[in-house]
Amino acid sequence: MKSNLKHDSAIRHVSGQSVYVNDLQLSPMQLIGRVVYSPLAHARIKSIDYTEALNLKGVETILTFQDIPGANQMGPVVHDEPCLAEYEVFFVGQAIALIAAENEEVAVEAERLIRFDFEELDATLTLKDAIKKNLLIAPQRSIANGDADEALKNAPFSFEGELETGAQEHWYLETQSALAIPGEGREMLIHASSQNPAETQAIVAEVLGVSKNEIDVEVKRMGGAFGGKETQANHVAAWAALLANATRKPVLIHLFRDDDQKITGKRHRFLSKYSIGFNEIGKILAYKVELNSDAGSSTDLSMAILERALFHAENAYFIPDISIIGRAYKTNLPSNTAFRGFGGPQGMAVIENAIDRIARFLKKDAAEVRNLNFYGLESENQTPYGKLVEHNRLYVLFDRLTACSDYFTRRKEIDHFNNENKYRKRGIAMTPVKFGISFTTAFLNQAGALVNIYKDGTIQVNHGGTEMGQGLHAKMLGVAATEMGISPEFIKISATNTSKVPNTSATAASSGSDLNGMAIKNAIAVLKNRLKKIAMDLLEKKGLQDVESCDIEFAENQVFDLLRPEVKIPFPELINSAYLSQVSLSATGYYKTPGIYYDKEAGKGNPFYYFAYGMAVSEVEADVLTGEYKLLRTDILHDVGDSLNEDIDIGQIEGGFIQGVGWCTTEEIKWDNKGRLLTHSPDTYKIPTVNDIPHTLNVDLLRDYPNEGTIRKSKAVGEPPLMLAFSVWLAIKDAISAVGGHRVEPLFSLPATAEVVLTSIEEIKTKLKGLNND
Amino acid sequence: MKKTGNSIRFLLNDSLTEIDFTQNPGLKPTTTVLNYLRSMPFYKGVKEGCAEGDCGACTVVIAEKSGDRLVYKSIDSCLVFLPMLHGKQLLTVEHLADGEALHPVQKAMVDQNGSQCGYCTPGIVMSLFGLSKNHRDPSMEVVKDALTGNLCRCTGYRPIVDAAHVCCKGEDHDKFSENKDEVSGKLDELCRDKTPLSIISHQQRYLKPLTLTDALAFRKEFPSAVIVSGATDVALRQTKKKEFLPEMLDISDIAELKYFKEDNHTYSIGSGLHIEDLRHHADGKLPAMKHMLDIFGSLQIRNLATIGGNIGSASPIGDTLPLLIAYKASIKLQSHKNERFSSIEDFITGYRSIDLFPDELITEVQIPIPAIGRIIKSYKVSRRKDLDISTVSGGFSLLTENGTIKEIILAFGGMAAQPIRAFKTENFLTGKPWTEAVIVEAMEILFKEFKPWSDARAEVGYRNLVARNLLLKFYEESKGQVL
């Protein structure tokens, strides 16, 4: 049964009935929480005076670190992130104090009345500066195979390069929010907008100094997350919990957009250096790359993100001699965090740009050079970290996509267009994605589910995954319905709640369906086993003799003997009978991904269960005089195994791609020389609008390539499509390059804003004058 | 002058609603429509995404009378003060469905998988509702224009665009088309009384005249009141800067100021004309203006913003200003006893400052109808094409005679503290032939003529390059049109 269920909340979304944390007004006592944060990038706090603020009518409490009953700590992995600053602040946006007030206006007014006395200290605000000062946040990581230095020396051609990739703001439409409701004694209920309720529970318990069993965290849905609510949603939850604990009243924190952008971390910006060696046909022989990331002021997930950058540094290409080094540096900026792709995009961008350079250098078509270097089907199929690339879909994707996008014909047409037009230039690029699926931290690859059947035969499915728009619940509904043989309308997926399914991992790493789907399947298998005995009794009562347990089938809201399907028992009747026979109608399911391990020291292991693949061709047209460009056409072919839900998968592919396009094009983040974010609202931070999508967008799934060993042979889809946007990024570069007749390598970085494009074009024009004068 | 008390009256969906601010501790005159709706338990469908009109999550639709017609406009509710609803119908996402039956717009969004996280969805649904009321079988351009003001971070927009095409197919038939006459009648009733509003509550004075005479009288009596004409700029002082606005003079709803007229020489535009209406009038008449207004903010912004407001805020990056300079526009300024005209260049005196006397209001913009042969073009270069503020903008005008430049105006936005002309470059060009060689020389002068700044949008170097290159672009686009 191919499920194409709609998003389970779709009808409520369109009628304004879907509830987000900020919509909850559960008690007339409910207060508004406000976070008071540092205006300086690095400073000693000499004094804080909030007497006047506290006396303001409507202010209930003001807290600083001294009022934290538990640990002043909210770092998810390394405990290096205070919940509220103590005597020193380390970035603009770091929380120092919390206000609880009757309403927002009072809270804002109270904030104005708080007096701080700071002593400003030196700050590190750029990655270059941090590298110069060697401010490593943790020891470097490396992966190597063969001897890259030696191979570089022996390669017929080689060059060096540097690439900057920028930060990216998540820009979830729903800013960070949490509602904390104190209960009896030490109990606290948190309505969170968190990708990781179990960790939210842990952090809240830690700051309140209570055990985890006192804290319940519930996540109904998020208004977008994209990694931004994997760890940093814990922060608002902890702050709200502290205020609720202090006032004994419910406290809601919903960050104002500008505050959210200033306070929270972003996609890590990287400054990468590389050397690449290749031969005359463009075969890569050696690659040495240093991936340097800006971790911000604390560790957060920076090391796992860096690790994923390392794992994807070679993307889809077999490189015999390779050395990959990763370093994360500490700066005085908000701690950077997870963002769709989780370091993968930053690692891949470098090799994709390098291959583009090779093609230009050899005057070859870049897509052909890519094809030449793809991992082999039988040989040349081992990754630098030792995992074999199996079930390689690169060639089938390449063949089908170059055909359906008419890549080679259009390449010629574009060359023709560029010869005819002086002030408009077109560019085209094809880029692949090979993305490893699993948490690279092996123990996180586990999930649980709780399936309850009620006496009327309806079912509630609880699982550890959270719904952030990706359609996980709709997919899980499809899985539960298929496994149980019940129509979806009799099944409800509940809000994610730590009291239903404990100790879950974040809904992240694209793994939500893989892990939770299997856990649900396992829970249902337990229930079906229990119910089969009852079914056999019932069928025998209805006159069937010698019914075998293995022949019992659950389908179409009924249960029957596969060999004698004419006698059927309606599911509600079965359930009622089971209840009366004292059979438990509730079961948990558990799943762990088999065989995942990784040795960090050796840089070897099997960090992924499988790879997801995709490929895109994009064409752009640039205005040579302003640097502006438009996206003419994109063709995408993506591998999701046997899709769990085609509509939802296509939605993930398109949405991920456009989000990647934003990162590659208009989404530039700037700070001033004091570490203050300049692009702190949508006024200056520009995510794509409807007019920024390609004029023609063809997206298709690679069909008939099932993925063995996963839930219904599907593949994860959340992150990989984001990196398809490199086709747009490099098409822009191709258009710039056309200004110089592809004779000059363009200056390039990411995002390729109109400013970058025009600057690069001007530089090419200057160089061309030099070439012509020689 | 007769003034009414402290109440406003409007239709909230189907219900006649009266708000007496003095009786409502939670609602002050400048409470935004967004915050008003969200203060009630059953109207939380509308969402705040940015509180600055840049995301559209708070989109609602206003129905109002325009002559005999009932018109529907999508707007950003975060930028609208409550008294701006007076005499109108406010339509929210909760009201679209007919009982259990989804509105065609909502059904299309479900069928086409138009929602993922759902947070932007109510705003998008309202934009689509506005679209479906104004256009049947719209072109792709019209669809995208209706959605430009709604950011979605999940879907990549394609399914929403598909939904738009589906729900706008064929005849418009829904409960709103059925109840049109009834609503129309109710609104006529509400609008009959032209007595100005003078609300004094919550330490605020909010004046809302409905005639020009009353507006000018208020202006004289309360010269320090902030003038509101659309509020898309003024509202940000409250929503973003958390500024307290003690006195407001809201001239957004003065019907006398909403016109576009032409005689043999001049287009006369009422200062209260909404940018969206001006965009339609400009079509075919003022192509450079049309071009600029096509990428002015978003539909939600253009439905609120007025030409007078854009001029009055005198921003260095105001979209229409360089172009108005190129058009040699003049501004009509009226007080209760006088009227005078000022050229747009004289009128803007510096960074967000204008030559407006304390008792005056901008009432009209006059654009001389360009002579045959005069070439006028507008340019806006921004980080993102739509719903963005210009990095550099240009309004250029050229008059040639036998291939020689008789007059050229090169006005720029984003290059100085106010819209500014490139006089040096203009002087160099005047009297010279309109040829590439001359332009190339002029470009180097232009490159050094301004001292712009680096900011969140761009660095100095880029601004200078763009300003310089826009001249070449103007030359390229004018080739073949020059006499």
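Domain bounds here come from an automatic or database domain assignment, and the views below show a predicted model.

**View 1. Domains 1 and 3 of chain A and the contacts between them.** The assignment divides chain A into domain 1 (26-122 + 170-263), domain 2 (125-168 + 266-376) and domain 3 (446-592). The C-alpha centres of domain 1 of chain A and domain 3 of chain A lie 39 Å apart, and 17 residues of domain 1 of chain A are in contact with 15 residues of domain 3 of chain A. On the domain 1 side of this contact, helix H6 (197-208) and strand E11 (215-219) of chain A are the elements that give two or more residues. The side of domain 1 of chain A that touches domain 3 of chain A is made up of six nonpolar, five polar and six charged residues.

**View 2. The overall build of chain A.** Chain A contains 19 helices and 29 strands, and its C-alpha atoms fill a box of roughly 95 × 75 × 50 Å along the principal axes. The radius of gyration of chain A is 28 Å, which agrees with the value near 28 Å that a compact globule of 774 residues would have. Of the 774 residues of chain A, 62% count as buried. Among contacts in chain A between residues at least 6 apart in sequence, 79% join residues at least 24 apart.

**View 3. Ala240(A) in the largest nonpolar core.** In soluble globular proteins, nonpolar side chains tend to be buried together. The largest nonpolar core of this model has 349 residues, and Ala240(A) and Ala241(A) are those with the most contacts inside it. When residues up to four places away in sequence are not counted, Ala240(A) touches Gly33(A), Ala178(A), Leu179(A), Ala180(A), Val251(A), Leu252(A) and Ile253(A). Another core, of 44 residues, lies apart from the largest one, and its members include Val461(A), Leu538(A), Ile575(A) and Ile711(A).

**View 4. Strand E15 of chain A and its two pairings.** Strand E15 (residues 321-330) of chain A is mostly covered, with nine of its ten residues buried. Strand E7 (residues 141-145) of chain A pairs with E15(A) in the antiparallel sense over five bridges, whereas strand E14 (residues 284-296) of chain A runs parallel to E15(A) and is joined to it by ten bridges. Ile325(A) in E15(A) can be followed through both pairings: Ser142(A) stands opposite Ile325(A), and Ile325(A) is also the bridge partner of Glu290(A).

**View 5. The side of chain B that touches chain A.** In this view, 60 residues of chain B are in contact with 60 residues of chain A. Helix H2 (104-111), helix H3 (121-134), helix H4 (140-147), helix H5 (158-167) and helix H18 (460-478) of chain B each supply at least two residues of the side of chain B that touches chain A. Among these contributors, H18(B) gives the most, with seven residues. By class, the side of chain B that touches chain A consists of 30 nonpolar, twelve polar and 18 charged residues.

View 6. Pro104(B) is found in helix H2 of chain B. Pro104(B) counts as buried because 21 other C-beta atoms lie within 10 Å, where the cut-off is 20 or more. Leaving aside its neighbours within four places in sequence, Pro104(B) is in contact with Ser132(B), Cys167(B) and Asp174(B). Pro104(B) and Phe129(B), which are 25 residues apart in sequence, are 8.8 Å apart from C-alpha to C-alpha. In H4(B), the buried residues are Val143(B), Asp145(B), Ala146(B) and Leu147(B), and these pack against H3, H5 and helix H12 (299-302) of chain B.

**View 7. Domains 1 and 3 of chain B and the contacts between them.** Chain B is assigned domain 1 (7-94 + 179-250), domain 2 (99-173) and domain 3 (258-478). The centres of domain 1 of chain B and domain 3 of chain B, taken over C-alpha atoms, are separated by 31 Å, and 23 residues of domain 1 of chain B are in contact with 22 residues of domain 3 of chain B. Strand E4 (69-76) and helix H8 (212-221) of chain B are the elements that give two or more residues to the domain 1 side of this contact, and the largest share, six residues, comes from H8(B). The side of domain 1 of chain B that touches domain 3 of chain B holds ten nonpolar, seven polar and six charged residues.

Methods. Residues numbered from 1 in each chain as written. Chains lettered and ligands numbered in written order. Predicted model: local features only at pLDDT ≥ 70, side-chain atom pairs only at ≥ 80, totals over all residues. Contact = placed C-beta atoms within 7 Å. Helix = DSSP H or I, 4+ residues; strand = E, 2+ residues; numbered from the N terminus. Nonpolar A, V, L, I, M, F, W, Y, C, P; charged D, E, K, R; others polar. Core = buried A, V, L, I, M, F, W, Y, C linked by C-beta atoms within 7 Å. Buried ≥ 20, exposed ≤ 12 C-beta atoms within 10 Å, placed from the backbone. Rg over C-alpha atoms; globule rule 2.2 N^0.38 Å. Pairing = 2+ DSSP bridges.
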